[in-house]
Amino acid sequence: MKEDSCLHAALICLGMLYYSHAVSTEKLNHLRPSLHGHHEKGKEGQVLHRSKRGWVWNQFFVIEEYTGPDPVLVGKLHSDIDSGDGNIKYILSGEGAGIIFVIDDKSGNIHATKTLDREERAQYILTAQAVDRNTNRPLEPPSEFIVKVQDINDNPPEFLHENYHANVPERSNVGTSVIQVTASDADDPTYGNSAKLVYSILEGQPYFSVEAQTGIIRTALPNMDREAKEEYHVVIQAKDMGGHMGGLSGTTKVTITLTDVNDNPPKFPQSVYQMSISEASIPGEEVGRLKAKDPDIGENGLVAYSIIDGDGVEMFEITTDYETQEGVVKLKKLLDYETKKSYSLKVEAANVHIDPKFISNGPFKDTVTVKVAVEDADEPPIFLAPSYILEVQENAAAGAVVGRVHAKDPDAANSAIRYSIDRHTDLERYFSISPEDGYIKTIKTLDREEIAWHNISVFATEVYNRHQEAKVPVAIKVLDVNDNAPKFASTYEAFICENGQSNKAFITITADDKDDAANGPRFIFSLPPEIIHNPNFTLTDNRDNTAGIYVRRGGFSRQKQDLYLLPIVISDGGIPPMSSTNTLTIRVCGCDSNGSMLSCNAEAYILNAGLSTGALIAILACIVILLVIVVLFVTLKRQKKEPLIVFEEEDVRENIITYDDEGGGEEDTEAFDIATLQNPDGINGFIPRKDIKPEYQYMPRPGLRPAPNSVDVDDFINTRIQEADNDPTAPPYDSIQIYGYEGRGSVAGSLSSLESATTDSDLDYDYLQNWGPRFKKLADLYGSKDTFDDDS
């Protein structure tokens, strides 16, 4: 209320000041002469001409936000030529004229009708003119003037943001800059102190302070600890009028967070940790966890763990879980409860990142003792060796001892052990094992050449706890015995020329032995003693496991003998050695002068000596080509001779229907045997041609056609059938039906001559001429009565 009263009083004073200024301006304007001249009557009627004084316009002022009951008088316009008789009219134009500013056209007083706001518009440009009221003729040139809105302190300071957020490291020195806040004032900074701002802190002492002129917030206390308090709420005020009484103010909130520095070392909450682990655990299993507490956060709170001393340094290791900041103790090697039951470790926790500014707060690490107890567990048996390699000779009798495996119970109870063979690794059951002592024996005879190595697995199981079981691989090598004689490495077949040279090697042979190198090579080649002086061939051992076969003589003849079988004895180097006799097949062949083989067959002499092998091949090729051409021609010929109308496997004679008894005329289509229509010639292999349509009308042979007056219709039809069957150019396109007599129901009635013989009536068959070509023959036979009478 006090501030409002002061503001109201100030506004009244300013209004009075501006009013007096306007009045003085009006008087001044009234007193000053116009710039336009007018006529004055001098003494004795003399007309004097003088220049009138013009208007001198000062800037008019109107105070903003005036809320009085009457319009505010801005100023007064008055012309020198205005004599007060009301003939002059004042006109106002320009910005806001008639809306904001109005003028009394008689007196020239200008009033502001609305409340003005300098922050919206600071000045208005108007134009004033005096005109004749009756004629509206301008009496003065228009004059421009300015109305300025005078500022008052009506806008409080406003900050750019309603809330600020800032960070500052903990333990910062006093006066460390945190953040700068800025406020603005919409009032006129050039007039008075309305826009002069001063900053102060309302909340946040004694931790922070603010510079009054700049708004910079600084730390005010030393060694502020984030671990004690991390966040502070500060309220900053900005006040205009230079902070004096009556000024307006605005506030903002600043949230200041202390950021962490590494000023705290890690610390274990206890001095000793107790852990335990079973001796059955495998390396890599977790033993336990421990954690050193560090109130710092982020990288400042990172801790690395290590084992620095203790009798368990070789048995255990520790890693760091960076998500939980815990040290994880893990097993490094296998444990044995019977050997050592507990271990002691000295574990250190140290900060990863250390701030040199706070090194004096160190050391940034801590140590703790970890005791690990080993728990006893029922362990499976342990073989004395991780694997076994045993040997046995092949062909050894069943029951031969191969070797022994041995396992023991590592527990203090030392349970009894039983052995067994994993039969999945010995499907053929070559071996057996003694359950009590682990001796492995053969069950059947072994053959090294069939299987040289046997890989089996042996189980060792505790007698009183069959779940405790161990497994060991056993490799059994079958030792070689010289039980295989050497043989030819492949099937050899040699060739020699009839006119070949003597004492010339024509083939080199080698051997193969299924036994290993100790009982195999070196090989010894020889001829049997009974043919060691063979007159045809000889053998030379090259002493490199090969032998050469030589021709002892020349002049072989294929006609006398074209094949020789040479026995060769091959012995190995085993103890005792083994040998075998192998037969080499030697063929005698004909060769050219260069020794190239031509033929090895004795039949070659029968051929003409002038024909070479190339000529024979050419002749055979020509014969084959001719045969192919003939086959193609026949195939094409058969394809062209397919029936034109008759389909495959269709006998057209099935269309011939024979009636052996009186039928029902055209309505009777049953009671006939189609088999009787089969062509007897077709049964004997003669099939008439049916694939050629006749190009001319076949004329029957003379003598076969019955006389026109013949009444033997059956003979006539049989004759025509025979002619059609024997004529290859006339396939039977129509069907021929044989009627013994026409039965009841026919449109034509009975045509049989049998029944006509028993009646006295004369039949007229002339109508048959009109029945078409199918009844032409019947019309010829029966159509003429005279002919019938002559025949009878």
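1. Accessible areas in this note come from the Shrake-Rupley method with a 1.4 Å probe, and for residues only the protein chains shown count as cover. On that basis, the accessible surface of the protein chain comes to about 47600 Å². Carbon and sulfur atoms hold 53% of that surface.

2. The model is predicted: local features need pLDDT of at least 70, side-chain atom pairs count only at pLDDT 80 or more, and totals for chains, interfaces and linings use all residues. Residues are numbered from 1 along each chain as its sequence is written, and side-chain values use heavy atoms, with hydrogens and water left out.

3. The protein chain contains seven helices and 43 strands. Both are DSSP runs numbered from the N terminus: helices are H or I runs of at least four residues, and strands are E runs of at least two.

4. Of the 792 residues in the protein chain, 35% are buried. Here buried means under 20% relative accessible area, exposed means over 50%, and partly exposed lies in between (1.4 Å probe, protein chains only).

5. Among the contacts in the protein chain with a separation of 6 or more, 65% are between residues 24 or more positions apart.

6. Where does D185 lie? The residue is found in the loop between β13 (183-184) and β14 (198-203). D185 counts as buried because its relative accessibility is 15%. Leaving aside residues up to four places away in sequence, D185 touches N155, P156, P157, S194, A195, L197 and D240.

7. R171 has a positive phi, near 65°, although the residue is not glycine. Its place is in the loop between β11 (163-169) and β12 (177-180). R171 counts as partly exposed because its relative accessibility is 26%.

8. R429 likewise is a residue other than glycine with a positive phi, in this case near 55°. The loop that holds R429 runs between β30 (417-421) and β31 (431-433). Why does R429 count as partly exposed? The reason is that R429 has a relative accessibility of 47%.

Definitions and conventions:
Contact means heavy atoms within 4.5 Å.
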